[in-house]
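Let's take a walk through a protein together, one step at a time. Keep the sequence and the 3D view side by side as you read.

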Amino acid sequence: MGKIQVLLVDDEPDYVQSLSERMALDGIDSQVALSGEEGLEALEKHPPDVLLLDLRMPGMGGMELLERVRRDYPQIQVIILTGHGGEETEKEARNRGAFEYLRKPVDYVGLKEVINRAWALTKKVSKAVADDILLTFLGDLPTNSEGLSEQSDPAAAGPPKSGLKVLLVDDEEGFVRTLSQRLELRDMASDVALSGEEALSLIAEEPPDVMVLDLTMPGMGGLAVLEHVKRVVPKVQVIILTGHGSPEEEAEARRLGASDYLNKPVEVRDLMKSVHSAGRRAGLGGSGGGGSV
């Protein structure tokens with residue numbers, strides 16, 4: 001197993017160099033960048049497993065760099081380590097996808113434990129992305145004469161149509177935006193809605209082929225969204241993806257017309273199979289979205 005690769009981005013040279021030397025004693029390889037701009041350059045040359053990031057720096061601040069990393073390097077886990085910022089700043093960082101938010105001065109033993117957890121997640125996400133790309137390749141291969149595709153179900157035969165459009169509805173912004181990036185790797189256009197009300201607004205403008213829908217959200221809940229969508233735009237295929245479900249809610253979701261019901265955390269392979277299957281069902285009836293919301 002290789003060493004953990006950590007990028008330290010902080011404008012306090014003595015502090016960050018001392019931290020880098022301490023990590024080296026524990027077998028952790030680290031790079032040091034003294035600004036957001038330097039951090040971005042280091043990312044482009046040699047992406048790390050984990051990014052340790054200060055927030056307040058001259059020039060490009062930590063929040064901006066965090067957003068860039070989550071957009072361009074979704075597998076890299078970002079740990080905020082700062083001496084500035086209160087609860088609102090922490091909430092914003094977590095919403096933008098920070099793995100953890102720590103305040104200086106930090107206990108090194110605790111920091112190392114967080115880095116190890118972040119590294120484990122980076123490896124898991126990287127493997128999921130690799131599996132996802134492999135599935136894309138396999139999905140583009142023609143089915144053979146041995147009947148290995150699910151030919152008993154016409155909705156499962158053949159690859160989904162190119163340009164499948166997916167709407168992701170979840171109030172966990174960091175999670176849903178990372179998921180959106182994964183879908184785009186598969187040539188799937190995706191929109192993000194952070195509430196049920198926002199989802200209905202987007203569907204009224206342009207119905208998707210598939211909607212991946214959380215159940216528990218502030219305001220309009222997932223079951224209410226599902227019922228409305230299946231009544232007004234029944235062609236849209238709805239996959240429930242939730243961390244707060246129950247057998248009763250699953251039964252109700254399926255009764256209302258959900259094409260699948262998945263629990264978080266979900267394997268990327270399983271989610272992609274479900275999206276593919278739903279996309280094929282959405283394509284059976286030809287083009288056209290159906291009424292307005």
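**A guided tour**

Of the 293 residues in the protein, 46% are buried, where buried means under 20% relative accessible area, exposed means over 50%, and partly exposed lies in between (1.4 Å probe, protein chains only). You are looking at a predicted model, in which local features need pLDDT of at least 70 and side-chain atom pairs count only at pLDDT 80 or more, while totals for chains, interfaces and linings use all residues. Residues are numbered from 1 along each chain as its sequence is written, and side-chain values use heavy atoms, with hydrogens and water left out.

Let's start with the overall build. The protein has ten helices and ten strands; these are DSSP runs numbered from the N terminus, with helices (H or I) of at least four residues and strands (E) of at least two. Contacts come next, a contact being heavy atoms within 4.5 Å. Among the contacts with a separation of 6 or more, 65% are between residues 24 or more positions apart. The accessible surface comes to about 14,400 Å², and carbon and sulfur atoms hold 51% of it; such areas come from the Shrake-Rupley method with a 1.4 Å probe, and for residues only the protein chains shown count as cover.

Now find helix H8, residues 222-232. Its buried residues are Gly222, Val225, Leu226, His228, Val229 and Lys230. What covers them? The cover includes helix H7 (196-205), strand E8 (210-213), strand E9 (237-242) and helix H9 (247-256).

Next, turn to the surface. Glu37, Glu38, Glu41, Glu44 and Glu64 gather there in a patch of negative charge. Patches are made of residues with over 30% relative accessible area and no salt bridge, with like charges joined within 9 Å and nonpolar side chains (Val, Leu, Ile, Met, Phe, Trp, Tyr) within 5 Å. Lys and Arg count as positive and Asp and Glu as negative, while His and the chain ends are not counted. The place of a charge is taken as NZ of Lys, CZ of Arg, CG of Asp or CD of Glu. Helix H2 (residues 36-45) gives the most to this patch, with four residues. Glu44 lies in helix H2, and Glu44 counts as exposed because its relative accessibility is 53%.

Charges can also come in pairs. Side chains of opposite charge can pair when their charged atoms come close. A salt bridge is a side-chain nitrogen of Lys or Arg within 4 Å of a carboxyl oxygen of Asp or Glu, and a search of the whole structure finds 20 of them.

One of these joins Glu67 and Arg96, with the closest N and O atoms 3.0 Å apart. This pair links distant parts of the chain, 29 residues apart: Glu67 is in helix H3 (residues 62-72), and Arg96 is in the loop between helix H4 (87-95) and strand E5 (100-103). Glu67 is partly exposed at 45% relative accessibility, and Arg96 is partly exposed too, at 31%.

In another salt bridge, the side chains of Glu100 and Arg94 meet at 2.6 Å, N to O. Is Glu100 buried or exposed? Glu100 counts as buried because its relative accessibility is 17%, whereas Arg94 is partly exposed at 34%.

Our last stop is helix H6 (residues 173-185), where Arg177 and Glu173 lie four residues apart, about one turn of the helix. They form a salt bridge whose closest N and O atoms are 2.9 Å apart. Arg177 is partly exposed at 38% relative accessibility, and Glu173 is partly exposed at 27%. Elsewhere, salt bridges that share partners join Glu90, Arg94, Glu100, Arg103, Glu113 and Arg117 into one network.
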